[in-house]
Amino acid sequence: MSIGIIVPVYFDPSEDGNSCTDWQPLISAVSSHPDLPFFIIVNPDSGPGSGKKPDSDYQSCIPELRTSANTNVKILGYVSTQQGTRTSSKVTGDISKYAGWGSAYRPDGIFFDEGASNFVSVYSTWATDAYDSFSFVALNSGVEPNAQYFSIVDLICTAENFYADFSLSDITISPSAPASKQSVILHDGPTTPDSTLISELESLGIGALYLTDVAYDVGLPSEWTTFVGDVNSAN
């Protein structure tokens with residue numbers, strides 16, 4: 001299985017709200033690397049926002065990421081969980097809003113952020129609710145979670161950390177915690193992507209990764225094209 005790229009796209013498609021300018025490098029990467037899996041997390045307003053539909057630029061730009069030719073893409077809708085303490089109706093309400101989006105721009109799945117490592121029953125309930133409308137569910141625990149989580153979702157971010165503080169020893173791989181269902185997200189990284197680390201994570205069989213020097217809500221990594229090329233080459 002190829003290592004993929006998980007991308008927290010917590011910034012709008014464009015500043016003017018009428019184009020896909022700021023997402024264009026992502027759109028180009030997806031179409032240029034058809035065999036490279038992309039897990040793209042959209043986050044209009046710390047979730048789907050207050051309206052029934054996202055802004056018009058999301059409605060027009062999400063379909064550019066997920067064309068009929070781009071079978072390598074999964075669009076995931078961001079849902080805050082506040083370490084498992086967020087009011088359940090608010091979590092399920094966000095899931096329902098994403099499910100109500102038009103088919104052209106509706107996400108393929110849900111990304112539960114701010115996960116807790118030991119609230120299995122809570123997240124199991126939320127995941128079941130998500131699977132009622134979507135085919136893919138991801139969770140960001142940020143650290144090694146209870147292994148039971150791997151049976152209730154498709155992908156878990158088991159390491160979200162400062163690049164300088166990350167070690168391969170932070171990752172635990174076992175039959176109950178398979179590498180292919182794990183992702184790694186590292187921020188405050190070097191401008192030039194760490195190709196050695198990318199290769200090491202690929203050799204472990206990690207499902208997806210993201211390495212950036214730019215805040216998630218600002219834009220893509222400074223050397224985005226190089227990063228994508230390095231991940232693609234590692235496969």
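Guide: A residue counts as buried under 20% relative accessible area and as exposed over 50%, with partly exposed in between. The model discussed here is predicted.

Visitor: Is Glu-202 buried, exposed or partly exposed?
Guide: Glu-202 is found in helix H5. Its relative accessible area is 23%. Buried means under 20% and exposed over 50%, so the class of Glu-202 is partly exposed.

Visitor: Which residues does Glu-202 touch, not counting residues up to four places away in sequence?
Guide: Thr-21 is 181 residues from Glu-202 in sequence and 31 Å from it in space, C-alpha to C-alpha. Contact means heavy atoms within 4.5 Å. With residues up to four places away in sequence left out, Glu-202 touches Ile-3, Ala-234 and Asn-235.

Visitor: Which residues in H6 meet those of H5?
Guide: The axes of H5 (residues 195-204) and H6 (residues 224-234) come within 9 Å and cross at roughly 40°. From H5, the contact takes in Ser-195, Ile-198, Ser-199 and Glu-202. Their counterparts in H6 are Phe-227, Asp-230, Val-231 and Ala-234.

Visitor: How many residues of the contact of H5 with H6 are nonpolar, polar and charged?
Guide: H5 passes H6 in a right-handed crossing. The residues of this contact divide into 4 nonpolar, 2 polar and 2 charged.

Visitor: Are H3 and H4 roughly parallel or roughly antiparallel to each other?
Guide: H3 and H4 (residues 120-131) pack with their axes 10 Å apart, at an angle of about 25°. Angles under 35 degrees count as roughly parallel. H3 and H4 are therefore roughly parallel.

Visitor: Which residues in H4 meet H3?
Guide: The crossing of the two helices H3 and H4 is right-handed. On the H3 side, the contact involves Ser-88, Val-91, Thr-92 and Ile-95. The residues of the contact divide into 4 nonpolar, 2 polar and 1 charged. On the H4 side are Trp-126, Asp-129 and Ala-130.

Visitor: Is Asp-108 exposed or partly exposed?
Guide: Asp-108 has 21% relative accessibility. Buried requires a value under 20%, so Asp-108 counts as partly exposed.

Visitor: What is the relative accessible area of Asp-94?
Guide: Arg-86 counts as buried at 16% relative accessibility. Asp-94 is buried too, and its relative accessible area is 8%.

Visitor: With which residues is Tyr-10 in contact, leaving aside its neighbours within four places in sequence?
Guide: Tyr-10 lies in the loop between strand S1 (4-9) and helix H1 (24-32), and at 17% relative accessibility it counts as buried. Pro-221 is 211 residues from Tyr-10 in sequence and 13 Å from it in space, C-alpha to C-alpha. Apart from neighbours within four places in sequence, the contacts of Tyr-10 are Ile-41, Asn-43, Tyr-78, Phe-111, Asp-113, Tyr-216 and Asp-217.

Visitor: What is the phi of Glu-114?
Guide: Glu-114 lies in the loop between S4 and H4 and is partly exposed, with a relative accessible area of 26%. Although Glu-114 is not a glycine, its phi is positive, at about 60°.

Visitor: What is the phi of Asp-188?
Guide: Asp-188 lies in the loop between strand S7 (182-187) and H5. Asp-188 is exposed, with a relative accessible area of 51%. Its phi is positive in a residue other than glycine, with a value near 55°.

Terms used. Residues are numbered from 1 along each chain as its sequence is written. This is a predicted model: local features need pLDDT of at least 70, side-chain atom pairs count only at pLDDT 80 or more; totals for chains, interfaces and linings use all residues. Side-chain values use heavy atoms; hydrogens and water are left out. Buried means under 20% relative accessible area, exposed over 50%, partly exposed in between (1.4 Å probe, protein chains only). Axes are lines fitted to C-alpha atoms, for helices over the stretch in contact, and angles run from 0 to 180 degrees between N-to-C directions. Helices (H or I, at least four residues) and strands (E, at least two) are DSSP runs, numbered from the N terminus. Angles under 35 degrees count as roughly parallel, over 145 as roughly antiparallel, 65 to 115 as roughly perpendicular and the rest as oblique. A crossing is left-handed if the near helix is turned anticlockwise from the far one by less than a right angle, and right-handed if clockwise. Ala, Val, Leu, Ile, Met, Phe, Trp, Tyr, Cys and Pro count as nonpolar, Asp, Glu, Lys and Arg as charged, and the others, Gly among them, as polar.
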